[in-house]
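Hi,

Here is the structure I promised to pass on.

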Amino acid sequence: MHDHETLESGPSRRDFLQETGAVVAATALAGAATMESPAAELQPGTGGGIGPNAVKITLNVNGRDVQTSIEPRVTLLDALRNYLDVTGCKRVCDRATCGACTVMLDGKVVYACTVLAIEAQGRQIRTAESLYNDGKLDAVPAAFVRADAQQCGFCTPGFVVAMKAVLDANPQAAPAQVEKGLQGNICRCGTYEQMRDAIYALCNTKRGN
Amino acid sequence: MKNFTYFRPTTPEQAVTLLEARWGNTEMLAGGTDLLSLQKQYVAQPGRVVSLNGIAGLQTVVVGERSATLGAGVTLARIADHADLRRLFPALTAAAGDIGGPQIRNMGTLGGNLCQRNRCWYFRDEHSPCLLRGGQRCSAIEGENKYHAIFTANHRCVLASPSTLATGLIALGASAEILGPQNRRRTVELAKFFFAPTGPTEREHTLAANELMTSVTIPVRGLTNAAYEVRQRQSSDWPIVQVAVAFSGGRNGEKATGVKIVLSHVAPTPVIAEAAARAVDNRIITDATATAAGRAAVEGAKPLTQNGYKVRLVEVAVKRALMIAAGLPRYWEA
């Protein structure tokens with residue numbers, strides 16, 4: 001919905017990408033939807049069953065604790081997008097293959113479509129929204145913008161998060177190591193060459209043939 | 001996905017009490033990379049999901065002088081990156097590092113890799129007839145079967161065994177520790193763990209529905225070992241053919257003894273290729289003896305209508321796995 005509002009103002013795609021981050025960051029975590037009430041409290045370790053009705057959960061998203069109420073079957077991806085309005089992670093294949101839903105859990109990339117939201121409690125969830133802070137775009141998405149490393153842009157947040165995770169773990173990573181970190185992401189538009197330009201720029205390496 | 005009741009036990013014993021004697025209504029959840037996809041396809045429709053992710057102790061790796069024990073919940077990424085495991089068991093760690101992509105390797109676990117369901121597209125399509133979902137026939141035998149088994153004699157279901165860690169672990173002589181009801185513990189060699197299912201009450205392994213795999217133990221015997229995969233894509237997919245080999249000696253002009261050669265993705269279970277092992281056992285591994293082992297490995301293959309090409313891939317993969325283990329030049333790498 002934020003995407004729609006931003007588009008109507010008619011910015012360039014580049015502006016759109018930068019502004020979207022700002023709009024989402026400002027409002028994404030404001031409200032948590034509730035599905036059913038009353039929701040049972042989740043008490044891990046009791047051996048007792050939870051659900052199938054909605055239960056209250058607390059997720060730490062981009063450094064903030066947020067609460068919502070979900071059924072056990074709801075994936076982290078759907079909880080973020082549909083219950084918490086954190087829409088940077090995208091739902092594409094929904095089968096742990098394409099990488100558009102990539103988020104970090106405790107610093108490691110996972111497919112949010114294939115983690116149950118209930119299991120992501122107590123962990124640090126980090127999405128593409130975290131890469132825009134105080135009006136400043138992180139170096140990874142900024143490199144994407146400069147290299148024009150996206151076409152439709154739907155896969156971009158997943159690629160950006162996966163690339164950020166590699167560089168966070170190893171700031172000295174060589175381009176080949178960064179590329180290996182993107183094995184689990186697919187771009188249907190085929191913007192891999194521009195992404196490679198972005199990678200080489202981030203690694204301060206001149207790109208050969 | 002059908003909704004379910006979620007359980008989060010904190011000990012293996014508590015987890016086992018939550019399981020049921022028959023497969024179907026209760027499923028174990030670890031990395032979720034297989035189970036959640038099956039649930040979304042309505043192939044798995046559990047009413048109860050028992051998460052193993054709250055159990056401390058399933059994630060430990062202990063490498064000792066005589067054996068290495070890996071908790072069933074250890075992630076594929078940790079196996080792939082573990083320095084001691086890489087040094088001792090490259091057949092295992094290379095396979096782990098080639099699975100899926102970083103996301104899958106961060107999520108998927110050792111136990112889940114060994115117990116994953118097969119990749120047959122008829123099995124995974126709720127609308128196709130499939131013996132394993134209670135159907136009357138196997139759709140793959142006369143259907144689209146280019147990725148299916150080539151060792152098909154006596155098999156009514158022609159799935160290709162999906163685990164890429166099983167191959168190396170069997171070659172290395174590993175065993176799984178299993179916890180059942182009433183605290184009953186058993187150990188099973190992975191060479192005897194897998195099973196060719198023919199119906200909905202069976203799985204691709206011999207774990208009972210009310211048992212939990214807690215760990216895998218690999219003997220440390222100083223074996224020379226390696227794995228080789230033939231892939232269509234470098235990531236995000238299963239290999240088409242995979243081979244693991246292990247033996248004593250076999251490098252620097254020394255004879256290889258106690259040779260084990262294991263094939264995967266070619267039959268409903270991993271295949272221990274005894275004729276291939278005999279072809280190189282007690283011999284020096286050369287291009288010629290490795291080629292002979294490859295030929296012996298496909299004896300008895302009966303491919304389906306579309307997968308005759310896999311026979312040749314097995315021959316070559318056996319040869320290359322032996323040559324990698326023996327430290328011979330990799331002629332296929334430019």
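A quick word on residue classes before anything else: Ala, Val, Leu, Ile, Met, Phe, Trp, Tyr, Cys and Pro count as nonpolar, Asp, Glu, Lys and Arg as charged, and the others, Gly among them, as polar. By that scheme, the lining of the second largest cavity has five nonpolar, three polar and one charged residues.

Bear in mind that this is a predicted model, where local features need pLDDT of at least 70, side-chain atom pairs count only at pLDDT 80 or more, and totals for chains, interfaces and linings use all residues. Residues are numbered from 1 along each chain as its sequence is written, chains are lettered from A and ligands numbered from 1 in the order in which they are written, and side-chain values use heavy atoms, with hydrogens and water left out.

Cavities and pockets

Both come from a 1 Å grid over the protein atoms alone: a cavity is a set of points where a 1.4 Å probe fits but cannot get out, while a pocket is an open set with protein on both sides within 12 Å along at least five of seven lines, and lining residues have an atom within 4 Å of a point. Points are joined across faces, edges and corners, and a volume is the space filled by probe spheres set on them.

There are two cavities of 30 Å³ or more. The largest has a volume of about 80 Å³ and a lining of 15 residues, with B:Cys120, B:Phe123, B:Cys130, B:Cys138 and B:Cys157 nearest its centre. That lining splits into 12 nonpolar, three polar and no charged residues. The second largest cavity holds about 60 Å³ of space, and the residues around it include B:Leu114, B:Phe194, B:Glu204 and B:Ser264.

Helices here (H or I, at least four residues) and strands (E, at least two) are DSSP runs, numbered from the N terminus.

Chain A

Strand E2 (residues 55-61) of chain A has five of its seven residues buried, so it is largely enclosed by the rest of the structure. Buried means under 20% relative accessible area, exposed over 50%, and partly exposed in between (1.4 Å probe, protein chains only). Seven bridges join E2(A) to strand E3 (residues 64-70) of chain A in an antiparallel run, and two bridges join E2(A) to strand E6 (residues 124-126) of chain A, this time parallel. (Strands pair if DSSP finds at least two bridges between them.) A:Val61 has A:Arg64 as its bridge partner in E3(A) and stands opposite A:Ile125 in E6(A). The E2(A)-E3(A) hairpin has two residues between the strands, and A:Asn62 there takes a positive phi near 50°.

In the loop between strand E1 (40-41) and E2 of chain A you will find A:Pro52. A cis peptide bond joins it to A:Gly51, with omega about 5°.

Helix H4 (residues 139-147) of chain A is mostly covered, with seven of its nine residues buried; among them are A:Val140, A:Phe144 and A:Val145. Just after H4(A), A:Asp148 takes a positive phi of about 50°.

Chain B

Three strands form an open, parallel sheet in the order E1-E3-E2 (chain B). Strand E1 (5-7) and strand E2 (26-29) of chain B stand at the edges with a single partner strand each, so one side of each is left without a neighbour in the sheet. Three bridges join E1(B) to strand E3 (residues 48-51) of chain B, and B:Tyr6 has B:Val49 as its bridge partner in E3(B).

B:Tyr42 has a positive phi near 65° and counts as partly exposed, at 34% relative accessibility. B:Asn154 likewise has phi near 65°, and is exposed with a relative accessible area of 82%.

Over to you!
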